[in-house]
Amino acid sequence: MSGTRVNSPDASIHDGKEGHDLEKAEYDRNDIDIYDPNRPKFNISRRIAHFTWAWFTLSMSTGGLALLIYAQPHQFPGLRQIGFVVYIANIVIFAGIIAAMTTRFILHKGTFTTSITHSREAFFVPTIFLAIATIITGTQRYAIPEGSTSLVWFISALFWGYVAASLFVAIAQYSYVFKTHDLGLHTMMPTWILPIFPIMLSGTIASVIAETQPQMNAVPIIVVGLTCQGLGLSVAFMMYAHMVGRLMSRGMPNREHRAGLFMNVGPPAFTALAVIGMANGIPDNFNINEGMILDMKIIKPIAVVAAIFLWALSLWWFGIAVVSVILSPPQYFHLNWWAMAFPNTGFILATVSIGNELQHEVIRWFATGMSICLVLLYCVVLCSLVRAVLVQDIMYPGRDEDVLDGTDT
């Protein structure tokens with residue numbers, strides 16, 4: 001096979017709904033078949049060049065799992081301790097990924113600039129902020145003791161810093177893409193949503209930390225959190241229009257990319273979770289007569305109604321993604337498999353919140369069942385990741401998110 005085909009949006013839709021893009025790395029001198037079981041093995045110094053930003057999906061999924069364990073409606077002795085261990089493990093994983101990324105950029109000069117401007121890998125840069133969001137919320141849940149004034153202010157400072165950084169990313173990355181890339185509708189992939197995801201999770205962070213903040217901090221945090229959540233969801237809705245258009249005109253993505261469709265579950269699910277959390281985080285002694293248009297008594301019911309509305313949209317995207325993967329499951333491991341974990345964590349957390357607000361035990365048990373399934377899925381993906389690293393299915397030329405896209409200009 002003399003031609004070169006890469007794992008790009010263009011390659012993904014080649015041959016319609018079922019064809020597999022046989023990736024070839026343009027820069028491999030010996031024209032290696034990267035799917036040959038007997039292909040050459042490389043040392044770690046060369047493989048680290050392909051340690052991409054997408055690895056932060058492991059950290060954000062682990063952090064999401066810690067939050068899900070904490071929020072379980074049916075607790076048993078030791079469950080919170082298990083969640084704490086997962087929270088600590090996430091911090092260790094995050095630090096390890098930072099170290100590996102730093103090593104990549106030091107050993108392979110120019111890869112930092114290439115990675116943040118690449119037409120494919122660059123869309124995964126925001127996953128570092130999603131991982132940070134899970135660490136912040138996990139710290140609030142597991143590491144902040146009640147009545148600790150200094151740590152409460154520390155979490156507040158982290159929130160404002162996160163908002164500023166994630167807003168910069170949302171504006172800067174989309175501006176760069178608009179200016180430099182020529183991406184057709186037929187190349188649309190769910191990763192296009194990722195740059196707006198971090199600012200949207202500002203609302204989720206606000207929903208977690210607001211209830212422990214003093215009133216002078218809680219109200220601004222909730223207002224800004226709601227604003228950021230609205231921004232993120234609005235941009236996601238615009239992306240949904242493109243995603244549906246791409247699916248209608250070109251069919252499902254290539255089987256190796258279908259797991260990424262679960263990313264569409266995230267925005268409405270995390271928004272449902274956030275609006276309920278922020279409504280509950282409004283201080284009880286907040287003066288409703290000072291410039292408030294809405295009666296505070298109806299804010300919580302409105303939040304629950306809005307959450308149910310958005311939950312249904314997540315359910316629809318979840319069903320589309322499940323059917324897509326079942327019809328044509330991926331043959332090779334990719335880091336986009338973690339899209340089956342983190343967005344669905346938000347979906348389950350939203351289900352838990354709705355069940356708690358409605359005091360409906362069936363919904364709570366349904367959420368518990370989904371949580372068990374997600375834990376099992378997490379373990380399967382983690383084992384697949386470890387195996388892929390050991391047999392060099394990833395961190396290998398042509399097998400990662402740094403493969404050159406045909407959409408690069």
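Author: This is a predicted model. Start with two helices: the crossing of H4 and H6 is left-handed. The axes of H4 (residues 79–107) and H6 (residues 127–142) cross at roughly 145° and come within 10 Å.

Reader: What makes the contact of H4 with H6, residue by residue?

Author: H4 supplies Arg80, Gly83, Phe84, Tyr87, Asn90, Phe94 and Ile98. H6 brings Ile128, Ala131, Ile132, Thr134, Ile135, Gly138, Thr139 and Tyr142. By kind, the residues of this contact are nine nonpolar, five polar and one charged.

Reader: Why is Ser156 called buried?

Author: The cut-off for buried is under 20% relative accessible area. Ser156 has 4% relative accessibility, so Ser156 counts as buried. Ser156 lies in helix H7 (residues 149–180). Leaving aside residues up to four places away in sequence, Ser156 touches Gln213, Asn217 and Ile221.

Reader: How do you know that the length of H12 agrees with its number of residues?

Author: Helix H12 (residues 342–358) has 17 residues, and at 1.5 Å a residue they should span 24 Å. The end C-alpha atoms of H12 are 25 Å apart, so the two values agree.

Reader: What makes H12 mostly covered?

Author: Of its 17 residues, 14 are buried.

Reader: Which residue just after H12 takes a positive phi?

Author: Gln359, with a phi of about 55°. Gln359 is a residue other than glycine. Its place is in the loop between H12 and helix H13 (361–390).

Reader: Is Gln359 buried or exposed, and how do you know?

Author: Exposed means over 50% relative accessible area. Gln359 has 59%, so Gln359 is exposed.

Reader: What about Gln392: buried or exposed?

Author: Gln392 has a relative accessible area of 8%, under the 20% cut-off, and is therefore buried. Gln392 is found in the segment after H13. Gln392 is not a glycine, yet has a positive phi of about 65°.

Reader: Which residues touch the most other members of the largest nonpolar core?

Author: Trp55 and Phe197 do, in a core of 110 residues. Not counting residues up to four places away in sequence, Trp55 touches Ile97, Leu335, Leu385, Val389, Ile394 and Met395. Another core, of six residues, lies apart from the largest one. Among its residues are Ile32, Ile34, Phe42 and Tyr332.

How values were computed: Residues numbered from 1 in each chain as written. Predicted model: local features only at pLDDT ≥ 70, side-chain atom pairs only at ≥ 80, totals over all residues. Heavy atoms only, no water. Core = buried A, V, L, I, M, F, W, Y, C linked by side-chain atoms within 4.5 Å. Buried < 20%, exposed > 50% of the residue type's maximum accessible area, 1.4 Å probe, protein only. Contact = heavy atoms within 4.5 Å. Axes fitted to C-alpha atoms, helices over the stretch in contact; angles between N-to-C directions. Helix = DSSP H or I, 4+ residues; strand = E, 2+ residues; numbered from the N terminus. Left-handed = near helix turned anticlockwise from the far one by under 90°. Nonpolar A, V, L, I, M, F, W, Y, C, P; charged D, E, K, R; others polar. Expected span 1.5 Å × (residues − 1).
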